[in-house]
Amino acid sequence: MYVTTFYSYKGGVGRTMALANVAALLAHAGKRVLIVDFDLEAPGVPSYGPLSCARGLPGIVDYILHYLETTVSPDVANYIVKCPLDEEHAVWVMPAGDNTQASYSDRFASIDWGFLYEHQHGYDMLEDLRRQWAAHDIGFDYVLIDSRTGNTDIGGICTRQLPDAVVTMFVPTEQNIGGLAPIVGQIREETIEQDRRIELIFCPSNIPDLFDEDDILGKALKSAASRLGYGNPAELEPPVTHIHHWQNMELLEQPLIVLNRSQSKLAKEYNELKTAIIEQNPIDREGAVASLMRLPQIYEAARRATKGQAATKVIERASEIARLHEGDGEIAIMAAGVFSTAGEYEQEERSLSDVIRAGLKTERARMLRAVARINLNKKEEALQDLKAVLSSPNGTIFEFRPAAQLLRVMADDPVSDALAIFQQSETRLSSKVVLSHLIMQDRRNHDLVANAFLAASRQNEMSPELRKDVTNALMLALIGAGRFRDAIDIGNQKDDENLAEQFNFAIAEWGATDTVPTDQFVALDARLSADDDGDPNLHQCIALVRGVVGRVDEALRELTRAEERITAGGNSFSCWTFTTHRSGEEFLKDLREMRETLQNGKIPKPPFLNRRD
């Protein structure tokens, strides 16, 4: 059970309206919600739409008076009523009392709160009330308390004794901010003195939705954040929610906006407030996910601001959430992401290992654990994970692609390791496509890859996207193996709009006939833009096309662009050798050979084209 108080120093900020709408949103999200109307002087909860079922019923005042008369806490269930929102959803309400009767104000005024606390164990009575909420048969997930305004005894009960979180709502005026400041200070002191976390959720509300030429609102909000101490992105604090004034006569009827106008701006802002509340409740799975999504950003902001304590709190929060949701694969992976951001690789590895042991999201978890193990210098364990991912029958391209890239970097003999996985019958075709680019670093493997993909291309169960990837890899393998006529047969099915396929087809024809297919290169030249800001291979291919059609100066400029884009440790496919993963040094060598050929006035014919089938 998570208790949240809605508090405002002054009225007129839309506090009760916000509470009622957030309660409806929580109920529609499957949460069991109890609303407690602790605004005893001016109860307002039963005024809102479906909550009217609580009007005229006994509540908080009657509960406390019964205790004063008997010194025994009554059964709270006798003061709680179910209020259906629709056929499927409901909230429960503990009203202030029957304020429709003239006697209500006398009954309320008869409660001496100071005497109750000092001589009648009032603190213990309210603690028992909280325990009864938690033990109620409904099993409430959330209790939302509507607190009285101002600095009062009741306000202290609602803001410091009962809640886990306090939503402080205010219009950003001097009166509101000045009045709120000491209340906020008392809540923070309670958190320190009692060693219990009371989250403060700041919610500027009833904000004018007008053009602010002089930035009056912006200055007021900035002043409020400074004086009340919130809004620092480098601190682990709830997100700030802004609720604007909604000019609509329908408000006079006090409906639940989130039900009647679910797509309105106001409904969306109430939903943001709901998220801000549940994010503070680590037990709530939806809130845990929302929190984990924000934690990496907070950590990065804390790192930039060199706030070590805030960074530690982020790690502690992620650890708490992971512990509370043990066995939840998605949450464990998200927590691992926080640990990764924080450089806590041992925690990341442990979290991901828990996911794998539980058999949840195994391929993705293995991929991420491999990265963590690399950071921990556990090379052999990382390689085991990478190989397991690439040979998995359940993996996807989103795991296969990064796993192959890391295998190339980490393995002592990546081509041999990739080839061994490629040849396993259970390895998925999408993994083989990724591995083929690694295997074809060695030209001796082109035939093997070509034969495997020729067989696979005859299958009818492939998705269009996978078939396209297989065909592209097959073309590269056939051309690299010198099997140009086989490549032409495949290339006859090419997509005329795909420049890469057109380029490969032209190369295959050149190799098969030993004659430049001039028309095809002219067509390519017309479609290739000199402004393309691509990778080294793209500019190398453009240079080859320009050189073949006689535009030597442009070809030389493209070679320069290709050279400028070579990165340290980077690898590229080279159309000069038709091999994959050429290192920066090898690729530069290919570019220099092309440049020398062009400068000697020759057509830049790739040397491998002399191998004809």
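The residues lining the second largest pocket divide into 10 nonpolar, three polar and 11 charged. In this count, Ala, Val, Leu, Ile, Met, Phe, Trp, Tyr, Cys and Pro are nonpolar, Asp, Glu, Lys and Arg are charged, and the others, Gly among them, are polar. The volume of the second largest pocket is about 780 Å³. Of its 24 lining residues, Thr191, Arg197, Glu199, Leu236 and Lys313 are the closest to the centre. Two or more lining residues come from each of helix H7 (174-193), S7 and helix H12 (308-324). Pockets and cavities are found on a 1 Å grid over the protein atoms alone: a cavity is a set of points where a 1.4 Å probe fits but cannot get out, a pocket is an open set with protein on both sides within 12 Å along at least five of seven lines, and a lining residue has an atom within 4 Å of a point. Grid points are joined across faces, edges and corners, and a volume is the space filled by probe spheres set on the points.

The structure is a predicted model, in which local features need pLDDT of at least 70 and side-chain atom pairs count only at pLDDT 80 or more, while totals for chains, interfaces and linings use all residues. Residues are numbered from 1 along each chain as its sequence is written, and side-chain values use heavy atoms, with hydrogens and water left out.

The largest pocket has a volume of about 1,000 Å³. It is lined by 33 residues, of which His437, Asn472, Leu476, Asn537 and Phe573 are the closest to its centre. Several elements each supply at least two residues of this lining, namely helices H17 (397-410), H19 (429-439), H21 (464-480), H23 (499-513) and H25 (536-548), together with strands S8 (571-574) and S9 (579-583). Helices (H or I, at least four residues) and strands (E, at least two) are DSSP runs, numbered from the N terminus. By residue class, the lining of the largest pocket divides into 16 nonpolar, 11 polar and six charged.

The structure also holds one cavity of 30 Å³ or more. The largest cavity has a volume of about 50 Å³. Its lining consists of Glu199, Leu236, Glu237, Pro238, Glu279, Gln280, Ser291, Arg294, Leu295, Ile298 and Arg317. Helix H11 (residues 285-304) gives the largest share of this lining, four residues. Four of the lining residues are nonpolar, two polar and five charged.

Attention now turns to the sheet. Seven strands form an open sheet with mixed pairing, in the order S3-S4-S2-S5-S1-S6-S7. At the edges are strand S3 (81-84) and strand S7 (199-204), each of which pairs on one side only. Two strands pair if DSSP finds at least two bridges between them. Neighbouring strands of the sheet are turned by 25° against each other on average, direction ignored; the axes are lines fitted to C-alpha atoms, for helices over the stretch in contact, and angles run from 0 to 180 degrees between N-to-C directions.

Strand S6 (residues 165-170) pairs with strand S1 (residues 2-7) in the parallel sense over four bridges. Within this pairing, Val167 of S6 is the bridge partner of Phe6, and Tyr7 stands opposite Thr168. S6 and S7 also run parallel and are joined by six bridges, with Phe170 opposite Pro204 in S7. From S6 the chain crosses through H7 to S7 in a right-handed β-α-β crossover, meaning that, with the strands pointing away from the viewer, the path from the first strand over the helix to the second runs clockwise.

S6 is mostly covered, with six of its six residues buried. Here, buried means under 20% relative accessible area, exposed over 50%, and partly exposed in between (1.4 Å probe, protein chains only). Ala165, Val167 and Met169 point one way from S6, whereas Val166, Thr168 and Phe170 point the other way. Leu144, found in strand S5 (residues 142-147), counts as buried because its relative accessibility is 0%. Leu144 and Phe6 are 138 residues apart in sequence and 7.2 Å apart in space, C-alpha to C-alpha.

Two loop residues complete the picture. Most residues other than glycine have a negative phi. Thr306, in the loop between H11 and H12, has a positive phi near 50° and counts as exposed at 69% relative accessibility. Asn377, in the loop between helix H15 (362-375) and helix H16 (379-390), has a positive phi of about 65° and is exposed, with a relative accessible area of 69%.
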